[in-house]
Amino acid sequence: MIPPRLRPGATIGIVSPSWGGAGAFPHRVRNGVAYLQSQGFEVELSRHALEQHGHVSDTAENRAADLHEMFERSDVAAIIAAIGGDHSCHLLPHIDFDLIRENPTIFMGYSDITVLNVAIWHECGLVTFNGPALITDFAEHPEPLAYTVESFARTVQEAEPVGRIAPSSQWTEEILNWREKLDLTRPRRLEESPGWSWLRPGAREGVLVGGCIESLQHLRGTPYWPDLEGAILFLETSEEAPSPARVDGILMDYENMGILSKLAGLLFGRPMGYSESDKEALRQVIMERTAGFDLPVIADMDFGHTAPQFLLPIGCRARIDSEEESFSILQAAVS
């Protein structure tokens with residue numbers, strides 16, 4: 001099931017399913033909202049989007065209610081998370097998946113929003129989107145990065161197959177302190193990208209599933225863990241920069257769970273906050289853990305916590321072809 005496309009003039013709803021970052025950094029909210037409005041969209045914040053309730057934005061019940069209200073409203077064409085966090089898992093017992101199934105709407109975010117992206121797809125069959133959030137991406141000063149904007153338009157505004165994804169020529173992981181509003185003083189510095197790392201060869205197709213590797217841990221052993229038979233699994237690490245050793249342990253868990261033997265392919269986003277030696281160690285870990293499996297593997301891709309990023313529609317078919325060094329999304333993600 002794919003949601004209707006985002007049309008000019010449509011309303012975008014903003015929710016805070018996890019951390020209360022939107023309330024902590026109102027200038028980022030203003031910037032993100034202003035940018036989306038400049039593109040011709042109406043923007044509406046959910047009732048509790050700006051709350052701060054300890055380490056989360058609000059109670060699980062209120063956060064779930066915001067999600068339900070945005071899905072149920074016929075005038076809301078897309079729902080975008082303000083930011084991630086670590087506690088979207090609180091919402092799972094409260095979500096009315098029947099309501100979501102009856103009101104297919106674009107739902108997008110990354111990092112901890114992985115929990116909701118995957119659970120909604122698993123329970124409802126609705127394509128969801130691993131992609132930019134309001135205050136991390138759309139609030140970039142003086143404007144969002146073009147690569148991210150182009151991917152957003154191509155994926156959720158056009159009802160046709162996304163097609164081949166090209167690597168970004170530049171990237172950044174620079175952090176300009178939001179509390180001191182240094183993010184308003186200049187754009188983040190971009191550096192030239194060496195491109196993606198093609199670690200293992202092959203040409204395979206499969207359904208895209210995945211997100212932040214740490215956030216996916218919240219779903220293991222729950223009814224919301226997805227069926228990964230024949231999937232192209234995409235993974236990325238958070239700004240907390242889990243060590244290559246920790247990633248090695250998680251991938252070994254996947255092997256022990258029988259997951260790696262089921263996959264059609266594996267994608268890794270460019271890690272944030274890693275030294276060059278850590279990046280190389282991570283690539284080595286990925287190579288070691290996938291050595292016994294016949295699947296193409298790409299690393300250092302443009303999704304996740306570095307910027308810019310392309311959107312990955314969970315539930316859509318994609319193709320990896322190492323001989324052509326191509327990655328393509330084969331289906332339209334919206335109707």
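In the predicted model, Ser193 is placed in the loop between strand S8 (191-192) and strand S9 (197-200), where strands (E, at least two residues) and helices (H or I, at least four) are DSSP runs numbered from the N terminus. Ser193 has a relative accessible area of 17% and is therefore buried, the term standing for under 20%, with exposed for over 50% and partly exposed in between (1.4 Å probe, protein chains only). When residues up to four places away in sequence are not counted, Ser193 touches Ser168, Ser169, Gln170, Trp171 and Arg270, contact being heavy atoms within 4.5 Å.

The structure holds 2 cavities of 30 Å³ or more. A cavity is a set of points, on a 1 Å grid over the protein atoms alone, where a 1.4 Å probe fits but cannot get out, and lining residues have an atom within 4 Å of a point; points are joined across faces, edges and corners, and a volume is the space filled by probe spheres set on them. The largest cavity has a volume of about 50 Å³, and its lining, which includes Val15, His48, Arg63 and Asp66, receives the most from helix H3 (residues 60-72), with 3 residues.

The second largest cavity, of about 30 Å³, is lined by Asp137, Glu140, Pro144, Leu145, Thr148, Ala307 and Pro308.

Residues are numbered from 1 along each chain as its sequence is written. Because the model is predicted, local features need pLDDT of at least 70 and side-chain atom pairs count only at pLDDT 80 or more, whereas totals for chains, interfaces and linings use all residues, and side-chain values use heavy atoms, with hydrogens and water left out.

Notes
1 Å grid on protein atoms, 1.4 Å probe; cavity = no way out; pocket = protein on both sides within 12 Å on 5 of 7 lines; lining within 4 Å.
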